[in-house]
Amino acid sequence: MIMKERVIIKQVSITKRGETQYFQIRLPRDAEHIIGIETGICRTGKGFSEYVHGRAYAAAPVAVIAAAAPAIKVPVPVPGPQAGHFPVGFRRNILIGELKLQSQEKANVFFSDDVFESDQNIGFADYSATRFFSPSQWTHEFKRFEEKVVVNGVTTLIGGYFKDRIGERFKTNLSYTVNVYVWYEVNEEKETKDDDRLCP
Amino acid sequence: MRFKVGKNYPSSDSSALPRKLKQTKMLKPVRKRFDLAVAAANATVSQTFELEKTVMSIKGLLLTSSMDDMLYFRGSQRIEINKDEIFPEGYESKLLMSGINVSPNKRYYDLGGMKPGSGIIKMDFTDADDGRTVFAPYRVSLYLDCIMDE
């Protein structure tokens, strides 16, 4: 039996503080099992970085920049580690929202997760950081893997729920898109047989 | 027990080797790189690449860029190998990138040794602004870990 992995993407758009989105993901007919769930966040609003980074890092001179140029709307740069800074302090990851997925069949709610955008402690105990080079997601991130689940693929629809938490925390409307990746398995031999039956 | 040199396994004459041994292929791992240039912000760039006929299987896939932060924050793509959609439209590039914390031997996304078929690889790359980066033209490199017949 040759099984093949495939993925479908569902994009959920969030624009308001504390917004709750209910959505449905249509599973293809040939799906045998759901084998994994992955999530990703894409920012769509300009104000996002100002609020998140400006408030998450106490040392960031957001107020100074805002006072000096109130009319200019520019993303505030994330402060990198300073030279001589001892990189062993933990920083809390910023919770973006909560995701739940439900099958219409026996499995019911089979996935529930807190969605984070990135690992804030990627540079923990990394002494390679200098004034000109700081560990960041795109240089130091580990390989990403999906969260493994084993759910029967007989369900036609997967019900989904996403609740915004970051907007609530910063008391503002932040717009972003949540990508939900559903990995499923297809039986290739079965596919071929079906084709033969349709076109003898 | 002593090894007997019989009719089927003569030790000196290589021309008389059994058919199975003659057909043994010399396989060599190779890494292929294909580049795609992103010249405009918030646009989709499509490009088709072709593998050599001698490529027997594709073991893995990896994305890198001349400006990694651009690819990480702005990129998403659709990848098709031999008309078989491997990653659908909107699949974020960051999910196919590996940082320097990952061992070089483990950086590739595992494709499980898929057959290249026609060897045609199509990539539709989409750049989308997310407010964290200021656009500048950059290069996206698609690396393939292949097994080639020598």
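A:Gly97 has A:Asp164 as its bridge partner in S7(A). The model is predicted. Seven bridges tie strand S4 (residues 95–103) of chain A to strand S7 (residues 157–164) of chain A, and the two run antiparallel.

**Sheet in chain A**
- S4 and S7 belong to an open sheet of four strands in chain A, ordered S2-S7-S4-S5.
- The pairing in this sheet is antiparallel.
- Strand S2 (20–26) and strand S5 (109–116) of chain A are the edge strands; each has a single partner strand, so one side of each has no neighbour in the sheet.
- On average, neighbouring strands here are turned by 20° against each other, direction ignored.

**Nonpolar cores**
- The largest nonpolar core has 27 residues.
- Its members that touch the most others are B:Leu63, B:Leu71, B:Leu96, B:Met97 and B:Val140.
- Two or more residues each come from strand S3 (55–65), helix H2 (68–74), strand S4 (75–81), strand S5 (84–92), strand S7 (120–127) and strand S8 (138–149) of chain B.
- S8(B) gives the largest share, five residues.
- Beyond its neighbours within four places in sequence, B:Val140 contacts B:Leu36, B:Val38, B:Leu63, B:Ser65, B:Leu71, B:Gly75 and B:Phe125.
- In soluble globular proteins, nonpolar side chains tend to be buried together.

**Layout of chain B**
- Chain B contains two helices and eight strands.
- Along the sequence, their order is α-β-β-β-α-β-β-β-β-β.
- Chain B has 150 residues, and 25% of them count as buried.
- Among contacts in chain B with a separation of 6 or more, 81% join residues 24 or more positions apart.

**Contact between the chains**
- Which chain supplies 22 residues to the contact, and which supplies 21 residues? Chain A supplies the 22 and chain B the 21.
- On the side of chain A that touches chain B, strand S1 (3–14), strand S3 (31–43), helix H1 (47–56) and helix H3 (137–140) of chain A each supply at least two residues.
- By class, that side of chain A has eight nonpolar, eight polar and six charged residues.

Definitions and conventions
Residues are numbered from 1 along each chain as its sequence is written. Chains are lettered from A and ligands numbered from 1 in the order in which they are written. This is a predicted model: local features need pLDDT of at least 70, side-chain atom pairs count only at pLDDT 80 or more; totals for chains, interfaces and linings use all residues. Two residues are in contact if their C-beta atoms, placed from the backbone, lie within 7 Å. Ala, Val, Leu, Ile, Met, Phe, Trp, Tyr, Cys and Pro count as nonpolar, Asp, Glu, Lys and Arg as charged, and the others, Gly among them, as polar. A nonpolar core is a set of buried Ala, Val, Leu, Ile, Met, Phe, Trp, Tyr and Cys residues joined through C-beta atoms within 7 Å. A residue is buried if 20 or more other C-beta atoms lie within 10 Å of its own, exposed if 12 or fewer, and partly exposed in between; C-beta atoms are placed from the backbone. Two strands pair if DSSP finds at least two bridges between them. Axes are lines fitted to C-alpha atoms, for helices over the stretch in contact, and angles run from 0 to 180 degrees between N-to-C directions.
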